[in-house]
Each structure stands twice: as structure tokens, then as C-alpha cells.
Amino acid sequence: MTILILGSGGREHTFAWKVAQSPLCDKLIVAPGNSGTAQIATNVNIKVTDFEAIKNLVLDKNIDMVVVGPEDPLVQGIHDYFLNNDNLSHIPVIGPQKAAAELEGSKEFAKTFMSRHNIPTAAYQSFDSSNLEDGYKFLETLRPPYVLKADGLAAGKGVLIINDIQEAKQELKEMLVGAKFGDASSKVVIEEFLDGIELSCFVITDGKNYKILPTAKDYKRIGEGDTGLNTGGMGAISPVPFATSEFLQKIEERIVKPTVEGLVKDKLPYKGFIFIGLIKVGDDPKVIEYNVRMGDPETEVVLPRLKNDLVEIFNATANEQLDTIDIEIDDRAATTVMLVSGGYPESYEKGKVITGIEHIEGSIPFHAGATNKDGEVVTSGGRVMAITSYGDTYEDAIKKSYQNIDKLHFDKMYFRKDIGFDL
């Protein structure tokens, strides 16, 4: 098979690394890819939302399957684009159709879906600029901290958690009237704050059947001790030590099953990954959010623990035969630590030369915001590289990642030294 992976981050390098191991994959193309995917696949410089260029590539290279990494093309309807084109409709796309991708594309859509299917989540209401005063009144009924979420896609930056009521009201106005997050915040969901510890559950579904992949926990804040601004993710751990078999059973019964059954009932066509962001409140799981693709950097610890041939799983997903697959998980823990550009998640410089990659031993460097230039690997994004390691325990694995990070360097390189601190 010739397989195309769309995307350019650490998630997509991890997909490429796993797909390249499959005897079913003869040729692997990544668009646009990065310096990591360039080592194991052919990179093609096409934007993930340029559907016309993707179509031409697929037909030109006789591509047999498309695996969609990021959310943007899914929310914009790439799966539907293939189904509605006579030359493409036979080619499987791993990722939901547009109607189902609204689970990530709209926070309000996701919340109403959960409430319709009795899936446990935080109490909420949504507002736009026409009922701003009602938003102020709803905030007054809540206890701090106050959670404000831009309804649309805001590149992981559209969620604010604020302790002061006046500041919360001001931010609500900024989002709705001042377009703080552009169109994404033309509608805002205000939620009750849930106090607990977060984790991520990953599911792959063929639209009828589903399989649960290893759980993971990521670290979103830039600063140690979970302080400072939110990022796309500074590191991750799998499995999650506090997710006991009893707790995992609650997740499956109360959240995973009703989610997949809800997609069927609501006629939302879904062949792909569901990322369920969870919080453990007391002994019970509640849903914070859905994403319609794998998380990043969680992919960098989830896929390395998957023993199965990933292409076999994708074929079963495309053919609605996931019930024929038994998921096999590596017993070892996996951890990853993200190296980021100085200044991230605010402004940062690009083009810094990365040295020491060839000295890494016993860890896997998954490239993210990195590219090849004049024979060298240089930084091209905020999150630059994820260093993944295995260990008998997550402590062993994390130690190995940090030992290898000591061998790497680029100007103003930053990483959190406390991944796993709260476990």
C-alpha cells in the first residue's frame, strides 16, 4: 500500500514511525512533514487544508489510504471531500466526516451531544455578543475559578481559567465583543470548574465497533509545577498510574460506550480516533472535551506502547471490522518530554540549529517543529522535538528521556524538568 499521512508535528512523525514498521506499507508519503518524517518517508510540501493539491497528489502517486493527523482538515471536511469525488471516493480516509468533526469544531456542539447522551461533564451555558449580560449573570451563579471556552478552534489557546469575577466578565467581553480569538470566540461556553486530576483516553472506532488504546496524561502548562501559560503540551506519560482497572471500567461504561453509540444514534459518520479529555473528580471520570484526532504529545507515548500493526488497525477501521482485532499493549511505561523554542507559547525565533541528535541512545526523538536546511536540522516551530523513552516504571522512562536531552542543544532550548511530578 501507498499511504499518505497529513500533518507536520510530533504526532505525525510518530504515525510515520509506526506505519513504516508495517509490512503492508510499501511507500509512505507525509504532507507537509518535517525533518523526522524525511528520514523514513517522502515529504511533499502541501498544506493540510489544500484539498485540491491533496487530491492531485493522491491521484498522481496512486495513494491507497489517507491518515489525517491534525483537526483543521477534518473540521473543514476532508473526508467528505473524498467521498463526494468520484475519483477519490474508494480511498479510505482515517478521520471522521465533517458533521462528526464538530465534536472538536464546536464546544457547544460537544456539550449538547454529551447532555443528549447522558455523558458526565461540567454544567455549562453558552453565550454570544447578543446576550453578554446573561453571560455576566451566569458567571455570578458560579464559584471561582471561572472557565471560559471559545466555541471554535483556537489552536489550543481558547480556554481561560480565571479566579476573579470582574476579570472573568472583562475576558468574556474581550472574547465575544473584542474577538480575542477571532471567529472562534464569537460564541463562548462558560463551565463550572471541575477540581481533579486530568488524563486522556484514546479510542479508535469504525463507526460501529471501537477499541480503547492506552491512556496517557499530558502536561499543558509552560512552567514547572503546572504554572504559566497553556501550551500544546510539554510532555506525557503512559499508562496513567492512578487509572485503576475499576476506574478504566467506569470510563468505558459511562463515557466510551455512550459516545460511540451516540455517534450512531445521531447519524454522525465516524472512522478514526476519538480523544477524550477526562478529569477524575473523586473516583468518577467526567469529560472535559472531545478531540477528533490523536493528541500531541500523547501520541508519542500511546503509539510506542501499541504492539499491533497500525496499518492492520487502519484497514479494519476502514472496513468496519475493528471487532476482528485484539489490541496488544506493551507492559512497559512510555514517557516523552517536549523541547520547545525560547519564548514559546508566545513569540519565539526559528532557524536555530539542533545538535546532538545522533548521540541519543535508548530514546526515540520524534521531530515536531523541526526542518532540514542546508544539511542541518533547524527549529521551525514552538514545540521542536519530543524525546520518548520506555521503562519498567514511568520514573525509569522519564529518567532516560532527561539523560538523552542532556545530549541535545539549540539556542534558547527550554523543557520542563518535572514531567510526572504530580503522580
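This is a predicted model: local features need pLDDT of at least 70, side-chain atom pairs count only at pLDDT 80 or more; totals for chains, interfaces and linings use all residues.
Residues are numbered from 1 along each chain as its sequence is written, and side-chain values use heavy atoms, with hydrogens and water left out.

Two packed helices are described by the angle between their axes and the distance between the axes. Helices (H or I, at least four residues) and strands (E, at least two) are DSSP runs, numbered from the N terminus. The axes of helix H7 (residues 132-141) and helix H8 (residues 165-176) come within 10 Å and cross at roughly 150°; axes are lines fitted to C-alpha atoms, for helices over the stretch in contact, and angles run from 0 to 180 degrees between N-to-C directions. H7 and H8 are therefore roughly antiparallel to each other, a term for angles over 145 degrees. To this contact (heavy atoms within 4.5 Å), H7 contributes Leu132, Gly135, Tyr136, Leu139 and Glu140, while H8 contributes Ile165, Ala168, Lys169, Leu172, Lys173 and Leu176. Sorted by class, the contact has seven nonpolar, one polar and three charged residues; Ala, Val, Leu, Ile, Met, Phe, Trp, Tyr, Cys and Pro count as nonpolar, Asp, Glu, Lys and Arg as charged, and the others, Gly among them, as polar.

Helix H5 (residues 98-105) has the buried residues Ala100, Ala101, Leu103, Glu104 and Gly105, where buried means under 20% relative accessible area, exposed over 50%, and partly exposed in between (1.4 Å probe, protein chains only). These buried residues of H5 pack against helix H3 (72-75), helix H6 (107-116), helix H9 (245-265) and strand S17 (284-291).

Turning to cysteines, Cys25 is buried, with a relative accessible area of 14%, and Cys201 is buried as well, at 1%. The count of disulfides (pairs of cysteine sulfur atoms within 2.5 Å) is zero.

A cis peptide bond joins Pro144 and Pro145, with omega about -5°, and Pro145 lies in the loop between H7 and strand S7 (146-150). Another cis peptide bond, with omega about 25°, joins Asp296 and Pro297; Pro297 is placed in the loop between S17 and helix H10 (299-302). Asn62, a residue other than glycine, has a positive phi near 50°. Asn62 sits in the loop between helix H2 (51-60) and strand S4 (65-68) and is exposed, with a relative accessible area of 58%.

Note on methods
Angles under 35 degrees count as roughly parallel, over 145 as roughly antiparallel, 65 to 115 as roughly perpendicular and the rest as oblique.
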